[in-house]
Every structure is written in structure tokens, then in C-alpha cells.
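Please read them with the structure open.

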Amino acid sequence: DAIMALFPSTPKAAIRAGIDMFHRLYKFVDHDEQNLKMGVGLHWGEVILGTLGSEDRWESTVIGDTVNLAARLEGMTKIYSCPLIISDSLVDALETQEDFDIRPLDLVRVKGRKAPVTIYEVVDAHPLLEQEARKANRIETNKGFALYREGHFSEAKSMFITARKISPSDPISDLFITRCDELLNNQLNE
């Protein structure tokens with residue numbers, strides 16, 4: 001909402017900038033009692049850069065599908081309780097994924113796009129304790145995601161319940177347990 005940045009060099013620079021922003025925010029919040037939060041969405045693709053307006057008012061901006069999707073991802077940070085969400089396009093553009101701790105989140109349909117987008121959480125953007133919580137339940141969460149995508153909602157729910165027991169502070173488990181329950185109820189009502 002407040003900041004838009006372009007990273008023409010590498011996707012790694014965009015992710016690193018996002019992580020650094022969060023870690024600076026955490027240092028600030030540690031010294032101030034205010035509960036500040038922010039969300040960052042990153043997508044990789046082409047944009048149209050230019051100056052728009054009239055003689056009375058000019059504005060330089062970027063437009064296009066890449067900008068729209070990045071904005072949608074930023075909005076999803078609230079839904080998934082993840083500070084930094086990135087698109088599959090950005091993950092695919094990385095030379096190596098080993099530089100960051102990236103966890104798959106979901107396959108989503110985004111307003112204005114026909115094809116679904118796989119979204120990922122950058123675990124490194126969390127405070128250290130939250131990073132550890134997300135790493136502790138990684139196997140169960142990844143199995144849960146795979147089962148969920150395959151339509152095995154009962155088994156997926158079991159995996160997410162186990163993941164929640166391992167890391168109660170990770171809100172993704174609760175989100176997907178609720179989704180699995182809704183889908184299982186829909187199957188019963190059909």
C-alpha cells in the first residue's frame with residue numbers, strides 16, 4: 001500500500017530486501033511497545049514503466065499484471081498470517097532456492113487472472129522463534145499440502161493436526177484444518 005519497489009537485477013535482491021525490512025521492523029518493535037505489522041508480496045515479471053498524467057499533474061508509475069499480482073499477494077499476507085509471500089514465478093526465477101527458507105502455502109485463484117498461482121511463504125521473514133516453529137512442522141505441513149491438493153482432505157486434516165501439535169504458533173495449520181472440515185462437510189452434503 002505504501003511502498004512499491006522494482007528489482008531489475010535479480011529476484012534474490014527482492015527477497016533479501018523484504019527479509020531485511022522485516023528484521024529491521026522487529027528490532028524497532030522490540031524497543032517500542034507498539035504492535036506494528038506489515039505485509040509484503042513479491043512477484044517476478046515484466047512491467048510497463050512510464051509517466052502518466054496531464055500538464056497539471058504528472059506521476060511516474062508501473063502498471064501491468066506483475067504489479068497487480070504483487071499487490072494481491074500483499075493482501076494475502078493477512079489471510080495466511082505470513083509477512084512475506086512470493087509467487088511461483090519468483091521462485092522459478094531464482095538461480096537456487098537454497099539461499100532462502102521457502103515453504104509452499106497454497107494454489108490460489110487471483111482476481112483478474114485465469115490460471116491459478118502457487119504461492120510461497122518466505123520463512124526467513126519471521127522472527128527467529130517463528131522460523132523455528134515453521135521448520136519444526138515442515139514435514140507434516142508439506143505432506144498436508146500435498147494431500148490437500150490431491151483432494152485427500154481427511155488425511156490432509158490429520159497431517160495439519162499433527163503439525164499444529166508440533167508448532168501451535170503456526171497459523172497455517174488452523175487455516176487448512178478449517179478448510180479441510182468445510183470440504184469434508186461439502187462432500188457429505190452432496
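Predicted model: local features only at pLDDT ≥ 70, side-chain atom pairs only at ≥ 80, totals over all residues.

1. Start at Ile-86: its place is opposite Tyr-120 in β6.

2. Pro-104 is bridged to Tyr-120 in β6. Here the strands are β5 and β6, again antiparallel, with six bridges between them.

3. Now the sheet as a whole. It is open and has four strands, in the order β1-β4-β6-β5, with mixed pairing. β1 (40-42) and β5 are the edge strands, each pairing on one side only. On average, neighbouring strands of this sheet are turned by 25 degrees against each other, direction ignored.

4. How many of the six residues of β6 are buried? Six of the six are, so β6 is largely enclosed by the rest of the structure. In a regular strand, side chains alternate between the two faces of the sheet. In β6, Val-117, Ile-119 and Glu-121 point one way. Thr-118, Tyr-120 and Val-122 point the other way. Note that Glu-121 and Thr-118 are among the buried residues.

5. Strand β2 (residues 48-53) is another matter. It is hardly covered: of its six residues, the count of buried ones is zero. Buried here means under 20% relative accessible area. β2 pairs with β3 (residues 58-63) in the antiparallel sense, over six bridges. The two strands form a hairpin, with four residues between them. Within the pairing, Gly-50 has Thr-61 of β3 as its bridge partner.

6. Next, helix α7 (residues 171-189). At the start of α7, a side-chain oxygen of Asp-170 comes to within 3.2 Å of the backbone nitrogen of Ile-172.

7. Which residues of α7 are buried? They are Ile-172, Ser-173, Phe-176, Ile-177, Arg-179 and Cys-180. These cover an arc of only 170 degrees around the axis, which puts them on the same side of α7. The spacing has a simple background. An α-helix has 3.6 residues a turn, so residues three or four places apart point the same way. On the other side of α7, Leu-188 and Asn-189 are exposed.

8. What covers the buried residues of α7? The cover includes the helices α2 (65-80), α5 (138-149) and α6 (153-166). It also includes the edge strand β5 (102-108).

9. Last, the loop between α6 and α7, where Ser-167 is found. Is Ser-167 buried or exposed? Its relative accessible area is 3%, so Ser-167 is buried. Its side chain reaches the backbone oxygen of Ala-133 at 2.5 Å. Leaving aside neighbours within four places in sequence, Ser-167 is in contact with Ala-133, Ala-136 and Asn-137.

Terms used: Residues numbered from 1 in each chain as written. Heavy atoms only, no water. Buried < 20%, exposed > 50% of the residue type's maximum accessible area, 1.4 Å probe, protein only. Arc of directions from axis to C-beta. Contact = heavy atoms within 4.5 Å. Polar contact = N/O pair within 3.5 Å; in protein donor to acceptor, adjacent residues only side chain to side chain. Pairing = 2+ DSSP bridges. Axes fitted to C-alpha atoms, helices over the stretch in contact; angles between N-to-C directions.
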